[in-house]
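Me: I would like to learn how to read a few features of a protein model. Please give me the general idea each time, then the case at hand.

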Amino acid sequence: MAINPFNSIIPEKPSRRKRPVPKKSGGGGKKKPPKKSGPKKYARTRFILKMLTGFAAVCFIFGFFLVIIYGYDLPDIDKLYDDNLQQSITILDYKGNTVATYGDYFTQFVQFKDMPKSLIDAVTSTEDRRFFQHWGLDPRGMLRALASDIIHGHAGQGGSTITQQLAKIVFLKPERKLKRKIQEAMLAIWLEHKFTKQQIITMYLNRVYLGGGVYGVDAAAHKYFNKSARHLNLYESAMLAGLLKAPSTYSPANNPHLAAERTEQVLLNMVDNEKITEQQMKDALKTGAKVKVAVASASTKYYADFVIDQIQDLIGKTSDNIIVKTPFRPDLQALAEETVSKNMLEFSEKNNAHQAALVAMKPSGAVLAMIGGVDYADSQFNRAIQAERQPGSAFKLFVYTAAMMYGKNPDDLVEDAPIQGRWQPHNYDYKAHGLVTLRDAFAHSYNLAAVNLSQEIGIDNIIFIAKKMGIKSPLANLPSIALGSSEVNLLELTTAYAHIANNGAGVYPYAIEEIKTQSGRVLYQREETGEPQVIDEETVHKMNDLLKAVVTTGTARGAQIGRDAAGKTGTTQDFHDAWFIGFTPQLITGVWVGNDDNAEMKKVTGGSMPARIWAQFMKPALAGAPALAINSGYGGFGASIGNSVESFWNNLTGDNHQPPPRRVPVNNWQAAPPPGTRYLNYPQNRQMDDAE
């Protein structure tokens, strides 16, 4: 039985019982004519019309006051034309694949005529079937959603039209309040009045969030399928439409299984909405989609952060959405992460070594991979570029380079003798080895020989060379600097060694090759120009001789990889830090192992964990590359720059810097330290030891 909603206010209809007819007193007379029933017949209709008119008036008045109450602070409609998204920064690897994105990512605006029909049908079939029929609000859809919610006992159906969703994402905050819903409806009606249906759905699909930091179907198509939205097939269109309900949950990158289930549901919706046939759905399910989302290793963020920090220095501040091309190698990054993780998992507890860092670069300075710590999620502190640690004997590179530039040769002798004075370093084995060749002293990392040599060459000249080779950190002019008492970071120390690998040419580490806007305007382009010669080739060949000896017979025998390799270990006093920086002609890699709290490790030397990590990384990294020889032959000094020490130093500085004068060996050094120097406690004068 139908229920009359007006039963409570409409009077009941009177019953039609027969009235008693008075008996006739006489014979048959004429019957009285029946009364006219017209006014009563239409009284009920007039009453209903009055009630409906009154109800409409009440609704109008109520609606009028709602407009006044909720319309006075409606958002500015000009927001429709504003772009309030954060600046987008997209980082690409050496092949042009996306490594990371920062901010809100979107690409080109795709016009309605360029969108595949399958995409429009998938979205409307799933989100708003009557989109092309309703006027911004869909009462039928609202009732259907309400009925579904009542049946299931919870709010599962939204009921909002695409126009309402556009109003929400452009103008309103995502909050569940009556005011927001009313304003959403008002704005939806305005949008329908102002724009065509094609314009509304175009704006919606170009601005809606689709997970992974991307906005708009074109950005999502590039992210998930590596193609423009213009070229989506039926299955891909359905997959993107499925993301609208819950972008993170149904992301093919995060949950491939759930994404496939949701895509199938969207295809069923399209069949039910008569947009495709069942056979087309079956064909689409067979075709599927080739999701090409590159799942970057967690450590990749160390590299990405390194890139982000350099952008402003290169192009200044900009609000443009930019694309940054880098020399980053995802394969080497994954290999570096795997190697470091494996070694730390196996040896960290045993050796009380809980952190590590790695930098891999071309000899020319292109940074290919970077590990800033064991776990980025646990700590975003990048130990490859932010941690300043004492390099120990790895700093001897500059002592011996200066000596070779001064005219010495690997076969020359140096005295490895005890130091007399207030500061008395010693060798790792606590022995003095007498007269030894520079090659043996370097390969076995004899501290006494390095200190004596540094005093002969001059500490100021050693610092000068270190700065020329890329050391930016402050270096104290103290005797202990020969043993690595001044702190540096891994990137700058690896860069210094790259000068030798780069045949003496200047090296500037870089991770950005090009920066351009999304429209293609180039903001920065790295120019491949020849860098000035910093170390003459003759000195380079001599240092190659010494560095190769470290790997073949010295403290880094654990770094042998079956081809020519050169490098140097470094271990600080009490085993606080351990280093190995080594190279082949194609690749140079630096490794550091230690603890953030500077805790003492259990006899971890540069020749143990760091050299092992280096070898396990370098061997597969160079697989397939030719085994090139490292040139260690030398004949005459200064072949590429000049024929004398003086001419080389003048060319190096451009300011007539004189070659280093001979100095009194440090074992006769008795001068008082500078005022305020604390030789026993001051970290710049800590004794540095290296290990076999």
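Me: How many bridges pair strand 4 with strand 12, and in which sense?

Reply: Two strands count as paired if DSSP finds at least two bridges between them. In this predicted model, strand 4 and strand 12 (residues 588–594) are joined antiparallel over 7 bridges. Met 361 stands opposite Ile 588 of strand 12. Helices (H or I, at least four residues) and strands (E, at least two) are DSSP runs, numbered from the N terminus. The chain has 20 helices and 12 strands.

Me: What should I know about numbering and confidence before going on?

Reply: Residues are numbered from 1 along each chain as its sequence is written. This is a predicted model in which local features need pLDDT of at least 70 and side-chain atom pairs count only at pLDDT 80 or more, while totals for chains, interfaces and linings use all residues; side-chain values use heavy atoms, with hydrogens and water left out.

Me: Which strand forms a hairpin with strand 4?

Reply: Strand 5 does, with 5 residues between the two strands. Strand 5 (residues 367–371) runs antiparallel to strand 4 and is joined to strand 4 by 4 bridges. Val 359 has Met 370 of strand 5 as its bridge partner. In the turn, Gly 365 has a positive phi of about 115°.

Me: Why is strand 4 called largely enclosed?

Reply: Buried means under 20% relative accessible area, exposed over 50%, and partly exposed in between (1.4 Å probe, protein chains only). Strand 4 (residues 355–361) has 7 of its 7 residues buried, so the rest of the structure largely encloses it. Both faces are covered: Gln 355, Ala 357, Val 359 and Met 361 are buried on one side, and Ala 356, Leu 358 and Ala 360 on the other. Of the 692 residues of the chain, 49% count as buried.

Me: How many residues are in the largest nonpolar core?

Reply: In soluble globular proteins, nonpolar side chains tend to be buried together. A nonpolar core is a set of buried Ala, Val, Leu, Ile, Met, Phe, Trp, Tyr and Cys residues joined through side-chain atoms within 4.5 Å. The largest one here has 119 residues, and Phe 398 and Tyr 400 have the most contacts inside it. Helix 13 (residues 396–406) gives the largest share of this core, 9 residues. Apart from this core lies another, of 47 residues, including Met 115 and Val 266.

Me: What packs against the buried residues of helix 15?

Reply: Contact means heavy atoms within 4.5 Å. The buried residues of helix 15 pack against helix 13, strand 6 (413–416), helix 14 (438–443) and helix 16 (459–468). Helix 15 (residues 447–457) has 11 of its 11 residues buried. After helix 15 comes Gly 458, with a positive phi near 110°. Tyr 400 touches Ala 449, Ala 450 and Leu 453, among others.

Me: Is Thr 161 buried or exposed?

Reply: Thr 161 counts as buried, at 1% relative accessibility. Thr 161 sits in the loop between helix 3 (139–152) and helix 4 (162–171). Leaving aside neighbours within four places in sequence, Thr 161 is in contact with Asp 128, His 134, Gly 136, Leu 137 and Asp 138. Glu 127 is 34 residues from Thr 161 in sequence and 7.2 Å away in space, C-alpha to C-alpha.
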